[in-house]
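Keep the viewer open as you read.

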Amino acid sequence: MGRNTRRRPTRARRATFAAVALMLGGGGLVAANVYASATEGTWGGGGTDATGQVRSAGMATIDCPDVGSRLTTVPDDAREAVDRELAQLDQQTAAAYQQLQASAESVRQDPTAADEPIMNPLKEKRSATIERIAVAIDQAGDRPEGLESLAACTLRPAQDGAGGDTGNAGQGSAAPSDGAQQGSGQGQNGAGQGGNGPVASDYADITSVQPNVPNPPQQDDASRGTFTSECGVNAGGLFNSDNVIVAPGVSNGAHHFHDYIGNQSNNAFASDDVLANAQTSCVDQGDKSTYYWPVLRLQNGKQERDAGAPGGGTEGNAGQIVTAKQVTLTFVGSPRGKVTEMPRLLRIITGDAKAFVNGPTNANASWSCTGFEDRQLKDKYPLCPSGSDVVRTFRFQSCWDGRNIDSANHRTHVAFAGPDGACPEGFRAIPQLVQRIVYDVAAPSLDDGGRTVPLFAVDSFPEQLHKPVTDHGDFINVFDEDLMREMVDCINSGRTCGPRGGDDSGATTAPSPSDDNGASDAPGTGTGGATADPATSAPAEPAPASSEATQEPRTDATTSPANTTKHDKPAKHDSQSSQQDGRTKQDSEGGQTAPAKADKASPAAPSHSGAGEVGQATRTPAGGQAAKSPAAQEQPPADRTEPQAVQGGGLAETGAHLWPAAIGMLLALSGLVMLLRAKRLRY
């Protein structure tokens, strides 16, 4: 028998094998955990497949009748109770949707599987809540009829693979009526970071959309002037998931996060007095109005500080919050005649946060790209070509009933003008707010579900699946009376007025008046004419002046440069230069804006309390520390839930989620040490 000459493993070789195994195992654990942390969604049914691509969550959804929109008359004494119960209905729907997502696979196979555990209990809860609404109204007035019929909700099953053409969608399109719009776009179906949208068919190539913005003629007595207010882009990160118009006194009443500019005391518990005495981010300190809209997020795996908070990641609103590149607030006139002053504290909502299930009747936001604003999309996010930025446009209602600053459904006290620009009978024309928000975000890579270039979408109620048709804007008029009179005079006399010295012709091109009825089927309706390209024409973001400083003068210029009329002394150079501290700097890579170092005395970063203090919205000041605002805010009663507010702009602490990666790193380091010792043993 021949001799076995195979060398047996020596101690050094065994140590080498063990070291390599530890290094490979530890490294694999690190990679797997970090990737999972970057792509995980809070809602069940999302996640990634074996190839690492985002898979569809199925995204069946729940369609509940909108009780609030049916309540056109509610006695004042019942308003608080009714608003609280309406917010409870939204909470019930959100909780039921979360149950639906957790059992997405079984419901996909058998839709009736949702009846007993989800849909029937939801109906029972809604019935009890609707009865409380009816009783509250009955105690203060006449009991509404027929509300009980609104208790039952409908399960709208997913329709995988039913997506539309991503190249031509959006022309003349309305909100889908067939339930979830589960398109695969170019072959891959994206579920979004939160597991509830968006999907590829929610996007359209703007270059494939035909021009669709009407430009009706103006009458001889039209009010052709424009008045612009500059209030920044929320670079300091003032966010919360409240809605003081729709759900006053209710924390997380919106179930999604809002950007705020202008008034700095926005939260669910802000009274009229609090808003009137607040600081403002606007250049004109006489404009303390509140302007807010759902944040835009990149579905890129990053976790903001709201990743585990109501209104944020726990409700499917996940990913990096994008700071706008520009925000332009322009008030325009009527093509039919003069406008009258807005009443102080007038509240206006444009668009419908529930339009995906409600239908497009009240949808009014539109989407486009710089250089292509003669074509507008209502139910698609735009895919912009290289060098072009994403644009959101809100044209607010321009007719007021002459009596009320709000209404039970927050709609009937204002109205859109008709196709000819005329207000409905009994309504009078007021300055129309046209809000234009520009973002430097790249067109997402739809073929791989946004893995290469991330998807972007607005925050939404969870069951609305982040559809673009749900976009909406909110406004509360807190102009002081003198500045409001100046606005109306400017618009009616045909001048172009801005908040700084000289004429404002380089800042904003007045949007062409158009049929701004949000109910129109044409996606361009309600957007007005194309505005000037912001790359060359929009003003830089202003820094708010100190509340103790003298108000910066507003200079009005006639439309003819030769007839320039100055109402106030020009701003001093040192006053303007001091504002530079609050300006934002442009991120060369992502186009994001970051707050520059702020003057301590300036409200450029007025920080309310740290996240979690009752009744306080929070923001991230330049130094990263939350400080109490000099302007005291009204505290809610102790029995109210505190508002869900966060400091924006930073990532969450993720140590608890990354402990497997830490173990993997230790294993890999141990393997390296063993490998070095094995080499010494060998020699």
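What follows starts with the chain as a whole and then zooms in.

First, a caveat: this is a predicted model. The chain has eleven helices and 24 strands. Of its 683 residues, 56% are buried. Its exposed surface comes to about 27,900 Å², and carbon and sulfur atoms supply 50% of that. If you take the contacts between residues at least 6 apart in sequence, 76% of them join residues at least 24 apart.

Now find helices H3 and H5. H3 covers residues 79–102 and H5 covers residues 115–140. Their axes come within 9 Å and cross at roughly 175°. An angle over 145 degrees counts as roughly antiparallel, and H3 and H5 are therefore roughly antiparallel to each other. On the H3 side, the residues that meet H5 include Leu86, Leu89, Thr93 and Ala96; on the H5 side, Leu122, Arg126, Ile130 and Ile133 are among the residues that meet H3. The residues of this contact divide into 13 nonpolar, five polar and four charged.

Stay with H5 for a moment. It has 26 residues and reaches 36 Å from its first C-alpha to its last, close to the 38 Å expected at 1.5 Å a residue. Its buried residues include Ile118, Leu122, Arg126, Thr129, Ile133 and Ile137. An α-helix has 3.6 residues a turn, so residues three or four places apart point the same way. The buried residues of H5 pack against strand S1 (61–63), helix H2 (67–70), H3 and S2.

The C-alpha of glutamate 124 is 7.6 Å from that of alanine 151, although the two residues are 27 apart along the chain.

Buried in H8 are Leu483, Met484, Met487, Val488, Cys490, Ile491 and Asn492. Their cover includes three strands: S4 (226–229), S10 (326–332) and S21 (496–498). After H8 comes glycine 494, with a positive phi near 80°.

That brings us to backbone geometry. Most residues other than glycine have a negative phi, and most peptide bonds are trans. Where does this chain depart from that? Start with the peptide bond between glycine 197 and proline 198: it is cis, with omega about 5°. Proline 198 sits in the loop between strand S2 (154–156) and strand S3 (203–205).

Two histidines have a positive phi. For histidine 255 phi is near 60°, and for histidine 410 phi is near 65°. Histidine 255 lies in the loop between strands S5 (239–240) and S6 (258–262), while histidine 410 lies in the loop between strands S15 (399–400) and S16 (414–415). Residues under 20% relative accessible area count as buried, so histidine 255, at 1%, is buried. Histidine 410 is buried too, with a relative accessible area of 9%.

Terms used. Residues are numbered from 1 along each chain as its sequence is written. This is a predicted model: local features need pLDDT of at least 70, side-chain atom pairs count only at pLDDT 80 or more; totals for chains, interfaces and linings use all residues. Side-chain values use heavy atoms; hydrogens and water are left out. Buried means under 20% relative accessible area, exposed over 50%, partly exposed in between (1.4 Å probe, protein chains only). Helices (H or I, at least four residues) and strands (E, at least two) are DSSP runs, numbered from the N terminus. Contact means heavy atoms within 4.5 Å. Accessible areas come from the Shrake-Rupley method with a 1.4 Å probe; for residues, only the protein chains shown count as cover. Axes are lines fitted to C-alpha atoms, for helices over the stretch in contact, and angles run from 0 to 180 degrees between N-to-C directions. Angles under 35 degrees count as roughly parallel, over 145 as roughly antiparallel, 65 to 115 as roughly perpendicular and the rest as oblique. Ala, Val, Leu, Ile, Met, Phe, Trp, Tyr, Cys and Pro count as nonpolar, Asp, Glu, Lys and Arg as charged, and the others, Gly among them, as polar. The expected span of a helix is 1.5 Å times one less than its number of residues.
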